[in-house]
Amino acid sequence: MDTLLNDFSPGLFIVQTILLLGLIFLLVKFAWKPILTSLNEREEGIQGALEAAENARKEMQNLQADNDKLLKEARAEREAMLKEAREIKDKMIADSKEQAKVEGDKMLKQAQAAIESEKKAAVADIKSQVANLSVDIAEKVIKDQLADKSKQLKLVDDLLGDIKLN
């Protein structure tokens, strides 16, 4: 430390001080403003990027909320469509069953009517055949009875007797 004090020169000190002050003045005038400007621009850029990131985060939250809402609406619509489809299916099944029942009843009635008609036709045919047989039998019996003259007279007397009785 003694050497420093011994080598100290006040003129050199003043010149160095003036040079230092001149250098500081030149730095302030020419370098300080551009450095501060670039620092401010960088700070503004960073702030803008942070704001853009915050806006993007908010937009993502809004989009997520919209997506959730749309998803819920789509699910509700799908459920409504499925419910409607089930109702339509059940209605179609019920209508088909009802129509099948009506058609079955109609076919059953037609079959019963056809059976009844066939039955009446068969009974009428049997009656006709019985009547024809009866006439044929009566004709043969009468021929036998009328073939003999004594039987004819007896038949006439019996018929006359029946008439008198009535």
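The protein chain of this predicted model has three helices and zero strands, counted as DSSP runs numbered from the N terminus (H or I of at least four residues for helices, E of at least two for strands). Read along the sequence, that gives α-α-α. The radius of gyration, taken over C-alpha atoms, is 66 Å, well over the 15 Å that the globule rule gives for 166 residues, so the chain is more spread out than a compact globule; the rule is 2.2 Å times the number of residues to the power 0.38. The C-alpha trace spans about 205 × 30 × 25 Å along its principal axes.

As for burial, 0% of the 166 residues count as buried (under 20% relative accessible area; exposed is over 50%, partly exposed in between; 1.4 Å probe, protein chains only). The accessible surface comes to about 15400 Å², with 63% of that belonging to carbon and sulfur atoms (Shrake-Rupley method).

Leu36 sits in helix α2 (residues 10–147) and is partly exposed, at 34% relative accessible area.

Residues are numbered from 1 along each chain as its sequence is written. Local features need pLDDT of at least 70 and side-chain atom pairs 80 or more, while totals for chains, interfaces and linings use all residues, and side-chain values use heavy atoms, leaving out hydrogens and water.

Conventions
Accessible areas come from the Shrake-Rupley method with a 1.4 Å probe; for residues, only the protein chains shown count as cover.
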